[in-house]
Amino acid sequence: MNAPPLPQSLASLKPIPIVKGLPIFGHTFALLKDSHGWGTRMNEKYGDIFRYSAFFQDWVGLAGPEAAEFLALDKDNCLSAEHAYRPFFGHLAVTSVLLMDFEEHRKHRQALNPSFKSAVMKTYLEQMHRIFSKSLPQLAIDGTFLFYPAIKQLTLDVATSTFLGIDDHKECAPINKALTDLFDSALAIVRLPLPGTKLRKGLKAKEYLVDMLRSQIPERKARDGQDLFTRLCQSEGADGNGFSDDDIIGHLLSFWLAGHDTLASSLTTLVYLLGKNPEWQQKLRNEIMALKVEQGQPSIDDLKELELCDYAFKETLRHVSPAAHTPRRALKDIAYNGYVIPKGTIVSVGLRHIHEDEKYWPEPKNFDPMRFAPENIPADRHQFAWAPYGGGAHKCIGMIFAQIQAKVFLLNLLPNYRITIPENYELDLQLVPTPRPKDGLPVTFVSLQK
Ligand code: HEM
């Protein structure tokens, strides 16, 4: 971490306190073990800004909603998402909006946004409903089962069927397996594709997926379809001439990867919190049962009625954010609150620390979805005091998709089953790459049908 000479205008600013770690690995192992606890300890010891190394990168840790806003809005265009994420995810997808900045990002995002608007969610919603209505009763039959691996499978099935238009679970299986291998390789510590490593497995999986997708592009360009893949093939693309094959494949892979694991994580936290708070299960059940769903198929408008479910999912994301950080790499030396953030460092803010800050969230450990009822939101609460989907140009493109999926899940579960978890059970999370219970979360769906 050799600091380059500073421009005159920044010379009077303070250097950031450095937290010494292990040679070469820095704080990698501590972060892999418990990134949230580590961040809390560093905030207590060093305050709202500190510098450290981990995962072979040089980092600056910031704290608070103002810092999250500073990163997300990047008013001076001096923070790069691409250069922060590429060392970790660059091998996963050739193209991704998360691996783009500024004008290039704006053009791609503009071309992709229509595929995630409420209006096109109708077909995605039908697929989600089909999968959950069929699969949840099967899980219930098993008695006590591990929820996280089960929901991970289901969210993958949802992603594969809505994104590819494939309905057959058997056909999805090899694709899902390859996606899992690819995702698991993101934070592999060994960054060389040596035999037997996660990275090698991930790259093989990518080869299979890329070949499979590429072979289908000509046919999908020639026909209409409601799935995301076909939409991307038909899109006008970033320059009005359609996306290139590499762009289509890259965007699709990154939606898949960003889309299923975040949902598996958040639905697991939701089930845990509802297991702990049976009175909330009943409130949500009552709300769902009061809904008049025509011919058993909920519509987007039906889901809009489920306000308590919406608050419960928001409160879930406050308790455990599936995306813990929104890192950016400084493209130049940047003045921040009297300090200088050095060019080349990756700047990051822990979202969960903001979501647990008593200043914004009284009794933060309590599960209280009513915090999100409009009448209970303080007018002066910082807009980044709750930011599980990020903000600014890179704000999550799949936010509505996620909200719909959470509601369709609850709608299929709660009227039919009571969630029970073992007495005095406490969630022990592995936080990297996405929060998940170390023991998978044992759960039972007890049938409510007499
Ligand atoms: C509860 C579920 C989800 C959470 C909490 C979540 C969280 C986030 C966050 C925090 C970001 C901003 C990253 C940054 O600024 O560095 C983001 C971006 C993104 N998310 Fe999500 N996400 C969720 C679901 C989804 C789904 C379902 C999809 C796809 C269908 C998706 C696709 C993406 C993509 C492609 C980006 C990058 C957007 C861009 O760079 O313009 N996410 N997500």
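Helices (H or I, at least four residues) and strands (E, at least two) are DSSP runs, numbered from the N terminus. The model is predicted: local features need pLDDT of at least 70, side-chain atom pairs count only at pLDDT 80 or more, and totals for chains, interfaces and linings use all residues. Residues are numbered from 1 along each chain as its sequence is written.

**Ligand shell**
- The ligand is surrounded by 24 residues, and the closest are Gly259, Thr326, Gly390, Cys396 and Gly398; a residue counts as near if its C-beta atom, placed from the backbone, lies within 6 Å.
- Helices H10 (245–276) and H15 (399–413) each supply at least two shell residues, and H10 gives the most, with seven.
- By class, the shell holds 15 nonpolar, eight polar and one charged residue (nonpolar: Ala, Val, Leu, Ile, Met, Phe, Trp, Tyr, Cys and Pro; charged: Asp, Glu, Lys and Arg; polar: the others, Gly among them).

**Helix H15 and its partner H5**
- Of the 15 residues of H15, 13 are buried, that is, with 20 or more other C-beta atoms within 10 Å of their own, C-beta atoms being placed from the backbone; 12 or fewer is exposed, and in between is partly exposed.
- Helix H5 (residues 121–141) packs against H15 at about 35°, with the axes 9 Å apart; axes are lines fitted to C-alpha atoms over the stretch in contact, and angles run from 0 to 180 degrees between N-to-C directions.
- The contact of H5 with H15 has twelve nonpolar, four polar and no charged residues.

**Glycine 37**
- Glycine 37 lies in helix H1 (residues 28–46) and is exposed, because 12 other C-beta atoms lie within 10 Å.
- Glycine 37 and histidine 353 are 316 residues apart in sequence, and their C-alpha atoms are 9.8 Å apart in space.
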